[in-house]
Amino acid sequence: MSSLDVTRTELALVVLYLNKAEARDKICRAIQYGSKFLSNGEPGTAQNVDKTTSLARKVFRLFKFVNDLHALISPTAPGTPLPLILLGKSKNALLSTFLFLDQIVWLGRTGIYKNKERTELIGRISLFCWMGSSICTSLVEIGEIGRLSASTKKLEKELKNTNKYKNGQYRSKLQKSNERSLALVKSVIDIVVAAGLLQLAPKKVTPRVTGAFGFASSVISCYQLLPSRQKAKAP
């Protein structure tokens, strides 16, 4: 394959990535929280970028609550323990509520909805919903990692006298475990970000800390949305 073909293939993957509304949203999110980190809550250019990008991102999320509403009423995978099912459905319900309320916040921030006090109240409620969904996600990932670990150990015993890394099922389980571990890290980071936005511990979780954690979470999200070929190449 010539260098031109390689370049064309790589650019096609970039186009495919940027065509995703979710990917563009996460890139904007990285800009938003990077600006929050730089501004540290102080007035200036960085804070203006933070606020305008935050408002712009809400447009990407219009009607996105339908996705989690659909997941809420969809059947779960067979064999999933009841506690994990309940946590997963709670996550879907809370995230769907957050995304729905976030649309009302957007209406308020753009001046379409005139009640500023109610807009701020709805904004805080929506952030608590997002924080709750992140907590549920963390618990689900911990449970799923535990299930994967148990099944992986069982498979290791069956493959004791062979090269387990040549077994497709074993490699698949390792990959899933790594993906869920990364999702767990992201959800824990998002809990800190939500706490910062809600100012639950303003002395410890400052705007700069919130910005740093939010930027890290955004980078993880961008990575998770990469096409599989680029993920394989990533160090």
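Buried means under 20% relative accessible area, exposed over 50%, and partly exposed in between (1.4 Å probe, protein chains only). The model is predicted: local features need pLDDT of at least 70, side-chain atom pairs count only at pLDDT 80 or more, and totals for chains, interfaces and linings use all residues. Residues are numbered from 1 along each chain as its sequence is written, and side-chain values use heavy atoms, without hydrogens and water.

**Exercise 1.** Classify Phe100 and Phe65 by accessibility, then describe their ring pair.

*Solution.* Step one: Phe100 has 40% relative accessibility, so Phe100 counts as partly exposed. Step two: Phe65 has a relative accessible area of 16%, so Phe65 is buried. Step three: apply the ring rule. Rings of Phe, Tyr and Trp (its six-membered ring) pair if their centres lie within 6.5 Å; planes under 30 degrees apart are stacked, over 60 edge-to-face, the rest tilted. The structure holds three aromatic pairs. In one of them, Phe65 and Phe100 sit 5.3 Å centre to centre with 75° between the planes, which is edge-to-face. Step four: place the residues. Phe65 lies in helix 4 (residues 65–73) and Phe100 in helix 5 (residues 82–109), so the pair ties together parts 35 residues apart in sequence. Helices (H or I, at least four residues) are DSSP runs, numbered from the N terminus.

**Exercise 2.** Check the span of helix 8 (residues 207–224).

*Solution.* Step one: the expected span is 1.5 Å times one less than the number of residues.

Key: Helices (H or I, at least four residues) and strands (E, at least two) are DSSP runs, numbered from the N terminus.
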